[in-house]
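Here are some exercises to work through with the structure open beside you. Try each task yourself before you read its solution.

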Amino acid sequence: MKIKLVFLLITILSFNCYSQISFENGYYIDNNNQKINCLIKNLDWRNNPTEFKYKLSGNSELNKKTIKSVKEFGIHNALKYVRSSVKIDKSSNKSNELDTERKAKFQEEELFLKVLVEGKSILYSYVDGILIRYFYSIEKSNIKQLIFKNYITPEYKIKANNRFKNQLWIDLKCSDIKKKKIEKLKYRKSDLVNFFVAYNSCNNQEYINFEEKKKKDLFNLTIRPRLNNASLVSNYRNTNIKNELGLGFGIEAEFILPFNKNKWSIIFEPTYQSFIVKKSTDGFLRDVIVNYSSIELHSGVRHYSFLNDKSKIFINASLIYDSSLNDSQINSLNITTAYNMAFGLGYNYNDKYSIELRHQTPRHVLTSYSNWNADYKTLSIIFGYSLF
């Protein structure tokens with residue numbers, strides 16, 4: 001069964017690589033200031049790109065443009081990147097790599113900057129791995145970095161250069177924006193987006209908030225009853241119990257990651273399961289009585305493959321911490337458990353209904369005993385209904 005499931009997951013991943021090619025209506029502006037409407041492959045980039053792929057029409061061949069030949073590109077009502085030669089500080093924020101200088105160290109680079117808010121004042125972002133920098137411009141002024149830098153003092157204390165707050169106070173003044181509001185800002189996207197929206201609104205300027213156009217529903221809470229097909233194999237009385245049906249119930253919290261078209265998520269699911277069986281074992285006069293109930297804590301990752309606007313398939317992998325309830329025993333042996341893994345394949349309709357086939361690897365349930373061992377595993381059909 002495990003080999004079949006792994007093969008199925010590989011097949012789905014292969015299909016995903018093919019099916020996720022999504023071309024959306026967009027444009028690019030070349031070095032001659034010509035605007036070309038086209039279909040752009042939307043990868044919902046987490047890291048700022050240096051190139052993109054496009055088609056002039058649905059049936060035309062695939063082409064590629066790089067930062068050297070394009071001033072700007074975008075996908076209508078979704079995202080926009082502009083090319084700019086900017087001075088950027090790439091000082092590390094890792095505690096073991098901090099600089100001893102408070103002052104930012106700039107180097108000039110040509111980058112595609114992502115537009116977050118566009119109006120009288122414009123907010124941009126640049127992301128490369130763990131490096132995150134924000135930039136701004138006012139009307140047609142040059143693009144400048146909003147400066148934030150952690151550094152270490154001679155006394156080995158970590159301090160922050162929050163010069164970006166002074167930049168905002170000096171360059172983006174408005175009667176409705178008080179200094180106290182700026183002093184509370186943190187160097188993060190949500191705070192800066194809200195500030196630039198407030199500044200443009202304060203100046204009665206039209207603006208586009210590209211972040212607002214993204215999917216807002218980044219959290220799902222789903223109730224998940226399930227039918228379990230469980231087995232227990234142990235050297236205690238040569239126990240070999242297979243294909244026992246039982247019920248379980250879980251509540252899943254899912255946090256959608258806001259990049260790569262919302263295809264990745266983090267899942268956390270507490271689940272109640274029960275396995276109560278009485279079996280006669282060959283060669284022994286007494287029965288084997290299993291009374292095993294527990295709360296399983298599943299935590300893992302999920303990846304979606306979209307079939308259409310309402311349907312998608314998904315795969316997930318999770319680590320399970322199992323906490324057996326007090327009366328859990330195999331005859332007189334107290335059940336204590338270890339970690340195990342789970343792998344699932346499922347289908348979701350309209351972000352509301354789902355069904356999943358989930359396989360758990362064997363879980364050791366007699367970990368307190370040196371002479372006895374027992375492995376418990378399940379194959380489950382899980383039904384889901386999302387509350388929100």
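**Exercise 1. Sort the residues that line the largest cavity into nonpolar, polar and charged.**

Step 1. Learn the classes: Ala, Val, Leu, Ile, Met, Phe, Trp, Tyr, Cys and Pro count as nonpolar, Asp, Glu, Lys and Arg as charged, and the others, Gly among them, as polar.

Step 2. Sort the lining: 2 residues are nonpolar, 5 polar and 6 charged.

Step 3. Know what you are working with. This is a predicted model, where local features need pLDDT of at least 70 and side-chain atom pairs count only at pLDDT 80 or more, while totals for chains, interfaces and linings use all residues. Residues are numbered from 1 along each chain as its sequence is written, and side-chain values use heavy atoms, with hydrogens and water left out.

Step 4. Check the term: on a 1 Å grid over the protein atoms alone, a cavity is a set of points where a 1.4 Å probe fits but cannot get out, and lining residues have an atom within 4 Å of a point.

**Exercise 2. Find which residues lie nearest the centre of the largest cavity, and which strand gives the most to its lining.**

Step 1. Of the 13 lining residues, Thr222, Glu254, Tyr304, Asn348 and Ser386 lie nearest the centre.

Step 2. Strands are DSSP runs (E, at least two residues), numbered from the N terminus, and helices are such runs too (H or I, at least four). Strand 14 (219-234) is among those that supply at least two lining residues each, along with strand 15 (240-256), strand 17 (287-306) and strand 18 (311-324).

Step 3. Strand 14 comes out on top, with 3 residues.

**Exercise 3. Describe the second largest cavity by its volume and its lining.**

Step 1. The volume is about 70 Å³; here, a volume is the space filled by probe spheres set on the grid points, which are joined across faces, edges and corners.

Step 2. Among the lining residues are Arg226, Glu296, His298 and Ile382.

Step 3. Strand 24 gives the largest share of this lining, 3 residues.

Step 4. By class, the lining has 1 nonpolar, 7 polar and 3 charged residues.

**Exercise 4. Locate the disulfide and say what it ties together.**

Step 1. A disulfide is a pair of cysteine sulfur atoms within 2.5 Å. Cysteine 174 and cysteine 202 are joined in this way, S to S 1.6 Å.

Step 2. Cysteine 174 sits in the loop between helix 2 (163-171) and helix 3 (179-183), and cysteine 202 in helix 4 (residues 189-202), so the pair ties together parts 28 residues apart in sequence.

Step 3. The link is left-handed, with -80° about the S-S bond.

Definitions and conventions:
1 Å grid on protein atoms, 1.4 Å probe; cavity = no way out; pocket = protein on both sides within 12 Å on 5 of 7 lines; lining within 4 Å.
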